[in-house]
Amino acid sequence: MPLRTGTSLQADIDTLEVAHHPLIEGLLYQRHVTFIAGEPGVGKSILSSQIAMSLSSGTMAFGSLTVPKPRRVYYLQLEGSYPDTIDRIRRMRTKVPVTTENLAWDFRTGLDLLDNTQGQALLMDIASWGSPDLLIVDPLYQAVFGELSAELPTKALLKFIDIARERFDPLAVLLNHHTRKASYGSDGKIIDEADPFYGSQWLKAYVDASYTLRASPGRYKDRVFLKNQKDRYSVGLNELILHYDPETDTLDTDAPFDEQSPYERGVKYLAACKAAGGTTDFFDVLDKCKVSHRNLRRIQQSLLAKGLLRCDKRLEHKKIWEPV
């Protein structure tokens, strides 16, 4: 963007529209850089493959997130097996439609963005296909041979992303990112880190949104939790509970009511209240969600702490629950 000052700057102050246009409502937006971090094998590639397919066909993401219209996705796959990926897509398409004209899959290994010629060649390959709405890099560390904690590789990576965003504006970028290896306390138990980010702090500051993808620690082994860690523009979801279907290799937000955890039932019911513009109370949630008093009190405290619920008003003897 050229220098803005005087009349041009004043015009921006008076008239410039500030808007965040969704690719997937609550998750991905035009011009945003987002990364999803998680341990190897937790499902990052499944998640991003499903995102690519949903966007290509303009269908609901994970069964509940709105995709306003079909989008063009360039998937840069830097590790794994391309035939295995195709086999996964075959399973996924039984549940998630795919429009291949809107999807480019670039399988390459040994990419080194410290070599400017490789970055330029990649940009030319992307341009030869067309202008994508979303660029997925899976996984991020393979673009710079794992040196994300070093200064020069991180600079090279961010420079490449900046050039791609300028050339293909309003491009969004999704980065699949590994978390740090688990650390253990003196008792031998895993130390649960609130922010298990691995890499340069520049990268952490650079992205617009970041999420961690974690397996369920409890008895619900088919679930993963997508939790928001950073949301620069306050447009993202705070948390998403996803159910894994091994037969189709897909993730979904919907599960039979009796298979949902108490927390999930409560969160979904409150989300429905919010969407309808209504309020509720403890006894109503207790009845609708079929949870115990103890579980519901825990859910209430958790949601209050996260700023997702207000309970500061009363109607006679009941506190009004207002989903935020």
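User: What volume does the largest pocket have?
Analyst: This is a predicted model. In the model, the largest pocket has a volume of about 880 Å³.

User: Which residues are closest to its centre?
Analyst: Leu237, Glu239, Val267, Ala271 and Lys274 are the closest to the centre of the largest pocket, out of 28 residues that line the pocket.

User: How does the lining of the largest pocket divide into nonpolar, polar and charged?
Analyst: There are 15 nonpolar, 6 polar and 7 charged residues in the lining of the largest pocket.

User: Ok, cavities now. How do you look for empty space anyway?
Analyst: A probe the size of a water molecule is rolled over the atoms, which shows where empty space is left.

User: How many cavities of 30 Å³ or more does the search find?
Analyst: The search of the whole structure finds 2.

User: What lines the largest cavity?
Analyst: Its lining is made of Leu27, Tyr29, His32, Thr34, Ala209, Tyr211, Asp231, Val235 and Gly236. By class, that lining has 5 nonpolar, 3 polar and 1 charged residues.

User: And what about the second largest cavity, which classes are in its lining?
Analyst: The lining of the second largest cavity has 11 nonpolar residues, no polar and no charged. Among them are Leu76, Val137, Ala143, Phe160 and Ile161.

User: Which helix gives the most to that lining?
Analyst: Helix 5, residues 151-167, gives the most to the lining of the second largest cavity, with 3 residues.

User: Switching to strands. Do strand 12 and strand 13 run parallel or antiparallel, and how many bridges join them?
Analyst: Strand 12, residues 309-315, and strand 13, residues 318-323, run antiparallel, and 5 bridges join them.

User: What stands opposite arginine 314?
Analyst: Lysine 319 in strand 13 stands opposite arginine 314.

User: How many residues are between the strands in that hairpin?
Analyst: The hairpin of strand 12 and strand 13 has 2 residues between the strands. In this hairpin, glutamate 316 takes a positive phi near 55°.

User: Last one: how are side chains arranged along a regular strand in general?
Analyst: In a regular strand they alternate between the two faces of the sheet.

Methods. Residues numbered from 1 in each chain as written. Predicted model: local features only at pLDDT ≥ 70, side-chain atom pairs only at ≥ 80, totals over all residues. Heavy atoms only, no water. 1 Å grid on protein atoms, 1.4 Å probe; cavity = no way out; pocket = protein on both sides within 12 Å on 5 of 7 lines; lining within 4 Å. Points joined across faces, edges and corners; volume = space filled by probe spheres on them. Nonpolar A, V, L, I, M, F, W, Y, C, P; charged D, E, K, R; others polar. Pairing = 2+ DSSP bridges. Helix = DSSP H or I, 4+ residues; strand = E, 2+ residues; numbered from the N terminus.
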